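Let's take a walk through this protein, one piece at a time. Have the 3D view open as you read.

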Amino acid sequence: MNASAHIGVTGLAVMGRSLARNFARHGYTVAVHNRTPSRTRSLMEEFGHEGTFVPAETAQELVAALQRPRRLMIMVQAGAATDAVIDEFAPLLDDGDMIIDGGNAHFADTRRREADLRERGIHFVGAGVSGGEEGALHGPSIMVGGSKESYAVLGPMFETISAQVDGQACSTRIGSDGAGHFVKMVHNGIEYADMQLIAEAYDLLRQVAGYGPAEIGEIFRAWNKGRLESYLVEITAEVLSHTDPGTGKPFVDVVADTAGQKGTGRWTVQTALDLASPVTAVAQATFARAASGQASLRAAYRPLPGGVRIPMSRSEAERFTSQVEQALYASKVIAYDQGLKMIQDAALTYGWDIDLAAVAGIWRGGCIIRAAFLDRIRTAYAAEPRLVSLLAEPGFAKEITAVQVPWREVVAASVRRGVPTPAFAAALSYYDTLRADRLPAALLQGQRDYFGAHSYRRTDRQGAFHTHWGHPDRSETEV
Ligand code: NBP
């Protein structure tokens, strides 16, 4: 076989097939392969005319079709399937060849695979690909982890097929080994938080302000013209405006209210616990999905009393709507800030040199959390790469200052009326935790010292101390 292909793609389900077509539509010759050959044949039959494809029935054929250094992209199920495919292909490759895992791998797996393949002279690149099927076909956001050498070869290809915003490609090298998959994981965690915040805003507008789904759809449509402009707000308006054709009811009222998840939100929260990164909005969003699925628990709680229901006048509802917009914006800034801080924490732990301006830049297009305000986040980190928080940037600080009253009133209203707002409340509480002069963590330290002699530090002297709680004089010693 002629080694003519610029890249090979193995795994031609929804994502692999769309990415392969995207490469081919941009003029690359793409060798295509799938464990079950019927998928390869159907790709050729349906889309073979879109560009230059080289179909391969076996791993050997696929490898033989690739130009050197070989670029092989794996788009299979994350986990054991990815290991199986690596085990099959790695022995067929040579020094300097590249395996790119474009699946949703856990970053720790990517670190392990990269270290293993580096020993064997192969570049292993963990590329987080966001945007689902549409993104993969028309321009995803690509978060790449791997060696600089491999990005020098792959970067131009990824930057060609990725989404483009203001003339900039939504693909970048995030850092070495698992950095790309880590950032993709946090992207998905932020996605969970953003979706939950939007869902809570809808619930408030419905249950507190008394609007119907179609009216709320219009409200989201209007919000999408302002600072909340984003893909998620846009699709929310569409979903809320949709009427179920079978029943004539609002679509949102015929959908079972138990939310699913594929696990990347959970990974974000699990990893955040390891890093001691307080991504509380992501955690609440993940737990909110879990709570929605607790059928027997919900049945047990359902008869219990809640808050008060007070109907709102039209003008009160309009005022409340404006407050919800402000509270949603503030909470969203906090959720993104938490995610970006988690990336900074991981960068320190794993030795990644991550440019957050570049991360915000590539999230502006092609991915689910694309939003107008990411451009401001990008600008903030470009001006000050070591920015500790978005709220340390004057523009965001000014906005958060301006929404204090509505933000608090919305959370207070939700508590009074008994409408659950776990993510709104978590975001506000996080804000108040970090701005507090003194935290009750001092009391926690006292408790820990009391029952476990864990010791504490003092505000007025250096050193660690323990109080002898069991002694009548409760004397203190330095430990
Ligand atoms: P799936 O995650 O559904 O995986 C199906 C593919 O994996 C098929 O090509 C299948 O081959 C192959 N495969 C499996 Br399963 N086990 C294999 C094995 N042991 N050896 C070789 N091939 C094997 O595909 P997808 O939804 O296209 O997603 C691909 C990757 O992209 C996943 O990691 C996913 O998490 C990630 N991702 C998906 C989305 C999305 O919106 N779907 C978005 C972003 C990222 P077969 O045809 O022979 O069964």
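Start with A327, which sits in helix α15 (residues 314-350); helices here are DSSP runs of H or I with at least four residues, strands are E runs of at least two, and both are numbered from the N terminus. Before going further, note that this is a predicted model, where local features need pLDDT of at least 70, side-chain atom pairs count only at pLDDT 80 or more, and totals for chains, interfaces and linings use all residues. Residues are numbered from 1 along each chain as its sequence is written, and side-chain values use heavy atoms, with hydrogens and water left out.

Is A327 buried or exposed? It counts as buried because its relative accessibility is 0%. Buried means under 20% relative accessible area, exposed means over 50%, and partly exposed is in between (1.4 Å probe, protein chains only). Setting aside neighbours within four places in sequence, A327 touches P406, W407, V410 and F424, where contact means heavy atoms within 4.5 Å.

T172 is in strand β10 (residues 171-175). T172 is buried too, at 18% relative accessibility. Beyond neighbours within four places in sequence, its contacts include Y151 and I362.

That Y151 is one of the buried residues of helix α7.

Now for charges. Side chains of opposite charge can pair when their charged atoms come close. The structure holds 32 salt bridges, each a side-chain nitrogen of Lys or Arg within 4 Å of a carboxyl oxygen of Asp or Glu. Here are some of them:

| Pair | N to O distance |
|---|---|
| D257 and R298 | 2.6 Å |
| R376 and E399 | 3.1 Å |
| D432 and R435 | 3.0 Å |

R376 is partly exposed at 32% relative accessible area, whereas E399 is buried at 17%. D432 and R435, by contrast, both lie in helix α20 (residues 422-435), 3 residues apart, about one turn of the helix.
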